[in-house]
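Visitor: I am new to this structure, and I would like to be shown how its parts come by their descriptions. Could we look at it together?

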Number of protein chains: 2
Amino acid sequence: MKSICGVEGVSAWGIKEGKFGLALIRASGTAAGVFTSNKMRAAPVEVMMERMKRGTLDAVVVNSGCANAYTGERGYRDAVEMCGIAAGALGLAPESIGVASTGVIGRYLDLPLIRDQCRRVAPLIARTPDAEDAAGKAIMTTDTFQKHALVETESFAVGGITKGSGMIAPNMGTMLAFLYTDAEVEGPVLRDILRQATRRSFNRVVVDGDTSTNDVALCTATGVAGSVDREELARAIEAVCRDLAVQIARDGEGATKLLTVTVRGAPDEEAAADVARTVVASPLVKTAIYGEDPNWGRVVAAAGRAGVEFDPYAVSLWVGEGAGRTPLVRRGEIVADLGAAKAAMHGKTVTFDLDLDAGDGSATAWGCDLTEKYVEINGKYTT
Amino acid sequence: MKSICGVEGVSAWGIKEGKFGLALIRASGTAAGVFTSNKMRAAPVEVMMERMKRGTLDAVVVNSGCANAYTGERGYRDAVEMCGIAAGALGLAPESIGVASTGVIGRYLDLPLIRDQCRRVAPLIARTPDAEDAAGKAIMTTDTFQKHALVETESFAVGGITKGSGMIAPNMGTMLAFLYTDAEVEGPVLRDILRQATRRSFNRVVVDGDTSTNDVALCTATGVAGSVDREELARAIEAVCRDLAVQIARDGEGATKLLTVTVRGAPDEEAAADVARTVVASPLVKTAIYGEDPNWGRVVAAAGRAGVEFDPYAVSLWVGEGAGRTPLVRRGEIVADLGAAKAAMHGKTVTFDLDLDAGDGSATAWGCDLTEKYVEINGKYTT
């Protein structure tokens, strides 16, 4: 097992038919969610923000192809109805079902299709490698690969699946993430852990700077494994979120390279994250990465507009990792060996390491290059 | 005349040799400047911020090809030296010369080249159509056309040239703009007028979300036409800035279409501008424009993350102008005729009109589509 089915108490299945997919994930337990900061929240997000006050879930139903966003009261009713349909198929109470949608904005759900897909998916629910694969595939839209992560400790496991490759921006970098653990944990503690983990993972991925209407990360704790060390659980959940976040960045629409930017020496962690995010979001940095062009001035220029206090002439910058790590700027002085820098940009991952010399804060953000393919994908998405 | 040479007291010339251009603009008078908000200010910007305290200029020297940005103390000395070179060529005092640079970041100026170009340009300075053309061409980098604007009233004129087509973002949408008027005006008044005009024009253009290290808008008032009505002058300067700003948006790197977004019914003008800028900056909106794809949900989703308070289900949205104007959303209800909407996106200009129904503020922002060509241009710029 490589994700959710590695967690005791979790079973799933999914179906993907053309653009339209549906997944059901069955797991009873304490649940917490983190949601999009976009004012235009999709109907399922509205429903879930309401529903999560209860703090427990028995299952989640997710569809891809239609976001059920900007669909008003009818959209809200449809999201509630979608829970009811899933509840009926699974023999559960409607109010114990979580719901999420992803796809085109401003279209109503095709409820007959969802009813039909639920009816076919429910009997296949299982705890197998095929099952987590089917669920992972069902929630994809423009993703080119499924995204799974699993951390197993001696006493418990944390697993998750996610989807997302476009409309990915600083506030909730993913569109949808479903995390599970068999640890036993109280609702408020789980919420705090999930918020912290999200802040350090999904909130540090930028593909295109657009924040989705549908972003949601849900974590359900089945409790099967009994109570565990809180710090250990927090570390495991954060590790799974980070693993999934990096996969989202690597699968950025049209991307050919993963961009990793670590900022050190910032006034604090959030300042470091602000600078790192600004650099990975910069279209000029992203196109330079694509062209393997060691135009490092763009990295420094992007850092300069992040709104963080530092002395531009105290910074140091490196590109590459391990033996290929090459200094570009050392305490404000240009030391770039452009040949070595270009070589350090040649692989599937390009890493910048920026030291601001302005404190002890550090953070990493992840993104990808900007290619002609991104334009092609998004110029022709709905039609 | 179509720009700066339409203003009495202004003469100019320029030269462009491969990537490297140089312009000299001769005009004595009261001067005011607005500068980049990027922390990584280029050396010429540092010099100018210092120099503008004096409040008068006799000439401006501008080079393209090298931004003299992130070049430290040597860069600062080079920018001062560049003023000295221009002063020598023009027979003026060095401290009365304004300086600006645009081009690649993190490279030192080629002072011998600048000296040579100054020597050749200075004797040709004139007040003719060819002269303003030569200056307009000299300051271009990735621009595909020169940008000129001129407003003539009964009593005075305002003219300007600008350059900029990439690294264009909310704070100072242009890289370089040089404005002139023959009106007589006090320094502080000119500064206020220029700030207001910049806020409503260059600050409302987004090509790629990157803020340049070198942005500057300079306005010199020769005073030849005597004193004028302040409001009339403010209107004329704003009109010239807006004209130039729209030209920058239209010439966005790789752009095939101008995108105009007008937001009405916002809590105030700045809130309207924030929403309008967020929409024109959205990569998903920009790619949809390119694909002539009436994926209007992306417009609404972008508006939702602008940080402005409004009720998503009170908004109305139209696409197109004049007879082709098509409603997409009316007070939260989807009314889109996708065929008509697609037709409204077919021309060289795509216009969205968004009414938030949350106040009296309105503002317009300008941008362009995102194309494969943008990626191509910026993936291979320095090498």
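Visitor: Among the elements of chain A, which has the lowest mean pLDDT and which the highest?

Guide: This is a predicted model, and among the elements of chain A the lowest mean pLDDT, 81, belongs to strand 12 (residues 333-334), while the highest, 98, belongs to helix 3 (residues 111-121). Over residues 170-174 of chain A, however, the pLDDT is below 50, although this stretch has 29 contacts in the model beyond near neighbours in sequence. For chain A the mean pLDDT is 89, and 94% of the residues reach 70 or more.

Visitor: How do you know that strand 5 and strand 6 of chain A pair, and in which sense do they do so?

Guide: Pairing asks for at least two bridges between two strands, and strand 5 (residues 147-152) and strand 6 (residues 157-163) of chain A have six bridges, in the antiparallel sense. Therefore they count as a pair.

Visitor: What makes strand 12 and strand 14 of chain A the edges of their sheet?

Guide: The open sheet has six strands in the order 12-11-10-13-9-14 (chain A), with mixed pairing. Strand 12 and strand 14 (361-368) of chain A each have a single partner strand, so one side of each is left without a neighbour in the sheet, and they stand at the edges. Strand 14 of chain A is joined by seven bridges to strand 9 (residues 258-266) of chain A, and these two run antiparallel, with T260(A) standing opposite W366(A) of strand 14 of chain A. Helix 7 (residues 269-281) of chain A packs on this sheet, where it touches strand 9, strand 13 (349-355) and strand 14 of chain A, and its direction makes about 20° with that of strand 14 of chain A.

Visitor: What makes helix 5 of chain B oblique to helix 6 of chain B?

Guide: Here helix 5 (residues 187-199) and helix 6 (residues 230-250) of chain B pack at an angle of about 40°, with axes 9 Å apart. Roughly parallel would need an angle under 35 degrees, and roughly perpendicular one of 65 to 115, so helix 5 of chain B is oblique to helix 6 of chain B. The crossing of helix 5 and helix 6 of chain B is right-handed. Among the residues that meet are L190(B) and I193(B) in helix 5 of chain B, and L233(B) and I237(B) in helix 6 of chain B; the residues of this contact divide into eight nonpolar, one polar and three charged.

Definitions and conventions:
Residues numbered from 1 in each chain as written. Chains lettered and ligands numbered in written order. Predicted model: local features only at pLDDT ≥ 70, side-chain atom pairs only at ≥ 80, totals over all residues. Heavy atoms only, no water. Helix = DSSP H or I, 4+ residues; strand = E, 2+ residues; numbered from the N terminus. pLDDT = per-residue confidence, 0-100. Contact = heavy atoms within 4.5 Å. Axes fitted to C-alpha atoms, helices over the stretch in contact; angles between N-to-C directions. Parallel < 35°, antiparallel > 145°, perpendicular 65-115°, else oblique. Left-handed = near helix turned anticlockwise from the far one by under 90°. Nonpolar A, V, L, I, M, F, W, Y, C, P; charged D, E, K, R; others polar.
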